[in-house]
Every structure is written in structure tokens, then in C-alpha cells.
Amino acid sequence: MLKRAIIGIVVLGTTFQASAMSGKLLLTGGVSQLEGSGGGGLTPWAFIGSYATRDEYGANFHATEVRTQDYTVKAQGLTVGIKNLVELSYSQQVFYTQEVSSANLGKNDQFGIQQDTIGLKFKVYGDGVLDQQTWIPQISVGVQRKENHEEDLVEALGAEDHIGVDYYVSFSKIILNQSFLYNLTLRSTKANQTGFLGFGGGENDEREIMTEMSFGYLLRHNLVLGMEYRNKPNNLTNFEEEDWKDIYLAWAPTKNISLTTAYVDLGNIAVKDNQSGIYTSLQVGF
Amino acid sequence: MKKNILILSLIFAFSALSASDFEDFGGMKKINKIVNEFSVKLQANEQMKSFFVESDMERFKSKLAEQFCAELGGPCKYTGQNMKRAHKGHDIKASHFYKLVEVLQETMRENNVSLRMQNKLLAKLAPMNKDVINH
């Protein structure tokens, strides 16, 4: 299914390549993070997704796969940038539990927990790319509404709810003088493993503020090497949840295609410890 | 991960030690060459050429070279009009500004300017968007 989606969007991307792409500078719309918002791999940034300038509209498709020792996550979605001010996103993420499905969940090995996320982001201050005369970052606020399709299952695992809303504020800046970029995101959330295991739990059912950070070094005009850290709640009584980390490389060979690959360390996820692996994401814009 | 932080710190340490941005960029010779090629590209670019139809290109190039030199800390003084005045009368959108940066990046790449020096110059030019974009 992912393969078909990738072929589909590559064909679509080629069609749109004919139209002259102008817009913002390479990679300054970020890539699409796991839940579909413009950002790094794991965390949303204040930059508005797509290359649309203040006079333009833009959009991109993304297809993402994360493979660890015991699990696979596949995600695909659409991110729309409106006048470099508002960002809308929609993303479907499926968490394939593989052998855990039959061993622990009473499902077959093809089973996946699907979650849909609708995102909305507003730029509230600054331009993190052009305002090079100041250290003050671009600031955006956003919301991600997530709906997990496996209500019975996630509640059986100890979650209080299968629907949750995250609110966040992001601070992002490229310091051109140092070829460096940073992002700080503060997220108010109850999500367990971003929502794949539902929202809230026996250990904690209150919103908490999580800190997410990204750094990047511009290796070339179209290549960024960096790392991310995503602090996560620990709400479920029976399963531990750990913070996520990655080291990523984002590459934009052309203005409408970007490829991101990362080594991710996701820690304990449900019954499996020490999950780490490779994150791959293709994004096609028009 | 600790190793990465170390590498990044070293890169910053070395960048702080460099003598002069103007020299590192390649001096006046490199600036003049880049400004010449940049002007040719702008005049050939579909999005940009209309802005230069009535321009005195020799004056444009000499003032631009002065400006790059001065912004890089070289021994020049910019004697052209201020940015707001220079762009008045042209209908300049954000997309034109970004296109100009892209063409400049391309020209600097073709002239083997290091990414660090490219970004140092762009960091000086980027804030001018407020006076240049008027649409």
C-alpha cells in the first residue's frame, strides 16, 4: 500500500514539476513530521509547511515508514500551506504490531492500529528564515486532533480515551550566519505513544506539557543533518513509555521532492523494549 | 549523540577563528565575478527580467559589488540608494525576493564559495526583504 502510494505521488509530482515552482527557499517549509504537520521527523516546527510565500498556496504529500525491531509504522498525508501563515494537515498513521498482534492482542499479524490526525497551525510572529538581524525565532501555535480507530483495544490496554487533542507552540529559527537551525516545541498532550495506544491512563489522565527539540546543521543548500528529541508522557499503568530521539538527514534534490531518513530510538513501546530503527519519508510538493 | 554535539561545537569554534569574511569569500575579484554572472542570470530569468529592462546594468553591478563588499566587512562603502528607494516603483513580491536569493545561491555555488560564506552573505541580505518587498 505504501509502495503504491509512493509511486502514485511520484507520478503526480512529475506532472506538477512542469509548473514553475517558485516560493520559499529549499527545505524552509520543513518536511512533514509523523503526525503530518510541517516540521522535522518527530516534532512540528513553527515554519509553515510547503513553499508557499505570503502571496501563494502550496501543498505536499508525504509517505513515511518507520521500522524498528518489532514494529512498523506507515503514515501518509497531505499538508497545505496558505500564504505562509496557516497550515492545514491530514495524516493517516498505521502502527503495525506484527508478532505482538497474535502473541498479545489476539489479532493476526497483518493487524495495524490506525490513527487519523487533522492538524491546524498558525504563524503568530516573525519569520525564522528572513529575520536574520535578530535571534528571535518564528513562533507558531498549532493543534493536532487525533482519532484512534481501535477504541476497544486501546481502552482494554488501559487508555481512558481513543480521541485526543494536542495543543502546541513552536519556536523555530535558522541562524544563517552559523548554518544552523533550532526548534523548540511545547506540547500539551495526553497521548500515549502519540495516540497509537490511546489517550490518558491509570497512571495519569491529566494534560501535561512535553518539550520537543530539534537542531540542524546545513551541510549543503539542500541537505540538513540534525537531531531531535521528543519528551513523552507516561500515562498507562501497564506499559512504560519513553522519550523519542533521532538523528536525521533531510535532502531536497529538487524543489518539489524531499527525502528524510533518520535513525530513531523510540525506547520501550508496549510489550517490547529498546525499539530503534530507520525512519524514511518521501515528500512531494506542488 | 555526544559526538555530534562535539563536531558541531568544533565547526562553530573554527568559524569564529576565521580572519576576515571578505577574504574568505574570495575578495573583490570573486565578488565582481559573481555580481557579473548574477546580473546575467537575473536578466535571463523569466520571473526577474522585467525588473531590469530599464536598468543601467553597469551602475547596478558596481553598486551591488560595493554592497556585497561592505556587507562582508571589506574595504568598501556602499554609495547606492537605500534599499527602499532603489526598489520603489517595482511591484516586488516575496516570491521575487526568494527567487533572487536562489539565483544568487546558484551563482555562488558555481563560483565555489563555501556554504558557510554563502550563508554569511545571505544572513546580511535577508533582513533587507522588509525594504525590498513592497507588494
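In this predicted model, 22 residues of chain A are in contact with 24 residues of chain B. Strand β12 of chain A, residues 208-220, provides the largest share of the side of chain A that touches chain B, namely three residues. Sorted by class, that side of chain A has seven nonpolar, nine polar and six charged residues.

**The largest nonpolar core**

- The largest nonpolar core has 61 residues, and those that touch the most other members are A:Leu197, B:Ile31, B:Val35 and B:Phe68.
- At least two residues of this core come from each of β4 (72-82), β14 (244-254) and β15 (257-269) of chain A, and likewise from each of α2 (21-25), α3, α4 (57-71), α6 and α7 (115-125) of chain B.
- Helix α6(B) gives the most to this core, with six residues.
- When neighbours within four places in sequence are left aside, B:Val35 is in contact with B:Lys61, B:Leu64, B:Ala65 and B:Phe68.

**Two helices of chain B**

- Helix α3 (residues 27-44) of chain B and helix α6 (residues 94-110) of chain B have axes that come within 9 Å and cross at roughly 135 degrees.
- The crossing of α3(B) and α6(B) is right-handed, and the contact is made by B:Ile34, B:Glu37, B:Phe38, B:Lys41 and B:Leu42 of α3(B) together with B:Val103, B:Leu104, B:Thr107 and B:Met108 of α6(B).
- By class, six nonpolar, one polar and two charged residues make up the contact of α3(B) with α6(B).

Conventions. Residues are numbered from 1 along each chain as its sequence is written. Chains are lettered from A and ligands numbered from 1 in the order in which they are written. This is a predicted model: local features need pLDDT of at least 70, side-chain atom pairs count only at pLDDT 80 or more; totals for chains, interfaces and linings use all residues. Axes are lines fitted to C-alpha atoms, for helices over the stretch in contact, and angles run from 0 to 180 degrees between N-to-C directions. Helices (H or I, at least four residues) and strands (E, at least two) are DSSP runs, numbered from the N terminus. A crossing is left-handed if the near helix is turned anticlockwise from the far one by less than a right angle, and right-handed if clockwise. Two residues are in contact if their C-beta atoms, placed from the backbone, lie within 7 Å. Ala, Val, Leu, Ile, Met, Phe, Trp, Tyr, Cys and Pro count as nonpolar, Asp, Glu, Lys and Arg as charged, and the others, Gly among them, as polar. A nonpolar core is a set of buried Ala, Val, Leu, Ile, Met, Phe, Trp, Tyr and Cys residues joined through C-beta atoms within 7 Å. A residue is buried if 20 or more other C-beta atoms lie within 10 Å of its own, exposed if 12 or fewer, and partly exposed in between; C-beta atoms are placed from the backbone.
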